[in-house]
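Dear colleague,

I am handing over the structure below, followed by an account of what was found in it. Please read the text with the model open beside it.

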Amino acid sequence: MSKILVVDDEQSICWGITKVATMLGHEAEVAASAEEGLRLAQTSKPDVLVLDVRLPGIDGITAVEQFRQVLGDVPIIIITAFGDMQTAVRAVRSGAFEYLLKPFDVAEIRAAIERALRTSPVAENTAETAAPAAGDEPQLVGQTPVMQELFKQIALVAATDTSVLLQGESGAGKELVARAIHQHSASADRPFVAVNVAALSPTVAESELFGHVAGAYTGAQRGRDGLLVQANGGTLFLDEVADIPLPIQVKLLRAVEQGEVLPVGADQPVKTRFRIIGASHQNLKQRVQEGEFRHDLYFRLCAFEIVIPPLRQRADDIPLLVQHFASHLAPTPRAFAEETLAELARRPWHGNVRELRNAIEHAHVVARSGLVMPEHLPPAQPSFQATGDGNHEQQLTEASRARADELLSDPALAGDVYNRFLSEVERPLLNRAMDRFSGEYAPAARALGLHRTTLKKKLEEYEVPE
Ligand SMILES: Nc1ncnc2c1ncn2[C@@H]1O[C@H](COP(=O)(O)OP(=O)(O)OP(=O)(O)O)[C@@H](O)[C@H]1O
């Protein structure tokens, strides 16, 4: 029988974990604060400590070190309902054995306790390194469970030098995640070199990445370090990694595996070591199957894969993101009306967080002063991922189908879907026409093929400012 000490001010959590411990044949003690837990730990010497982060006195993570002094290497399971980036990083750096996000189910805490009791604690990785100041961090905003899980994965991988593959739709935050991994890693003070592979012209890609010596080609009067050498000791972020031409993939793999590159025209390799983070909105595994991406480079990259969820899967974060982006729009951030927030929550956000940020900036400009209303928002971005062939009509059909599905599956809109759908399409059309004709009804109505008074009436219905 082992002893488990649970430190949490939430009685229901203490009760639940005590139940699990008893079920496993162990004994549990509970404390409602770190101070009380430390007193208990002195006498009862538990085999596992389950520690909440937000506690009335000293917070859980700060208390880890004091618990270590009393309990040595006893496994510590940190639990929290507030899994922001800082907390996840501090938890991993504190050397906690496990980091669980509330709400967790019985099976999760049970598995964590069983693992903790089986494992002899490791002393490595427990050194607390100063976390970078909050102001230096990339601002990855989010509170939804999927974002908390993302913070946890960032914190875990940041503590290692493993290669990372970031998969996610365009604008979902892949580069921001890559920066967060770098900033929370041991090489935070070393370079972070970001390369958008798709933007590199194939003719210069090789010399950009690997460098060249003087005289390597016409016009190369001086030698130049490539991006891989510039990233030495730090992180190389390869955005749109799926677009790397096959011959360059071979050279890249060799560079990563051997820690050296051969600049164009050189006969001596140059040493360079860095963590590589690749990102793609395409399914890289599929590209491997299609023979467009080397499987050996893929396996090297996907040592740790993080999938960044699209914004529509974390719509509850939208108000927080709105506040975040609006607060950066000096000098006076404007308030968003309830109906604007409701409209933002409804949109599909095919362009993800980038589209949301742009929409907030646009609305700020258009609203000029006072509350930001729905009509100040730009039209929602259609899904370009459905066809990707530049055929606007087909894209619009796809986007309309997707939106129709969303509206039809919302029980709150039953009986109003037809009007709602048409108004969503009509409003941007009328707005656009008014914009094009500098707010003049007559030419806008002529172009639309509507009577002037009909246009005016419809605009009034939509409350489009004149
Ligand atoms: N969780 C977030 N909190 C705050 N800002 C975010 C978040 N996610 C993304 N952003 C912002 O959204 C914009 C797009 O993010 P980012 O460039 O990281 O996306 P991406 O997935 O790399 O896009 P692409 O695939 O098109 O390169 C940036 O301005 C970024 O700062």
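Which residue in β13 stands opposite L166? L166 stands opposite A279. Before the surroundings of that pair, two remarks on conventions are needed. Residues are numbered from 1 along each chain as its sequence is written. The model is predicted, so that local features need pLDDT of at least 70 and side-chain atom pairs count only at pLDDT 80 or more, whereas totals for chains, interfaces and linings use all residues.

Overall, the protein has 19 helices and 14 strands, these being DSSP runs numbered from the N terminus (helices H or I, at least four residues; strands E, at least two). Of the 466 residues, 33% are buried, a residue being buried if 20 or more other C-beta atoms, placed from the backbone, lie within 10 Å of its own, exposed if 12 or fewer, and partly exposed in between. Among the contacts with a separation of 6 or more, 70% are between residues 24 or more positions apart, where contact requires C-beta atoms, placed from the backbone, to lie within 7 Å.

To return to the sheet: strand β6 (residues 164–167) and strand β13 (residues 275–280) run parallel and are joined by four bridges, two strands being paired if DSSP finds at least two bridges between them. Both belong to an open sheet of five strands in the order β7-β10-β13-β6-β14, with parallel pairing. Its edge strands, each pairing on one side only, are β7 (192–196) and β14 (304–307), and the twist averages 15 degrees from one strand to the next. Helix α7 (residues 174–183) packs on this sheet, where α7 touches β6, β7, β10 (235–239), β13 and β14, and its direction makes about 165 degrees with that of β13; axes are lines fitted to C-alpha atoms, for helices over the stretch in contact, and angles run from 0 to 180 degrees between N-to-C directions.

Helix α7 also supplies at least two residues of the shell around the ligand, as do α13 (318–327) and α15 (352–367). The shell holds 19 residues, of which V141, G173, K174, E175 and V353 come nearest, a residue being near if its C-beta atom, placed from the backbone, lies within 6 Å of the molecule.

Finally, D52 is listed by UniProt, in an unreviewed entry, for "modified residue: 4-aspartylphosphate"; such annotations may be inferred rather than shown by experiment. D52 lies in strand β3 (residues 48–52) and counts as buried because 27 C-beta neighbours lie inside 10 Å. Leaving aside neighbours within four places in sequence, D52 is in contact with V7, D8, D9, G60, I79 and T80.

Note on methods
Contact = placed C-beta atoms within 7 Å.
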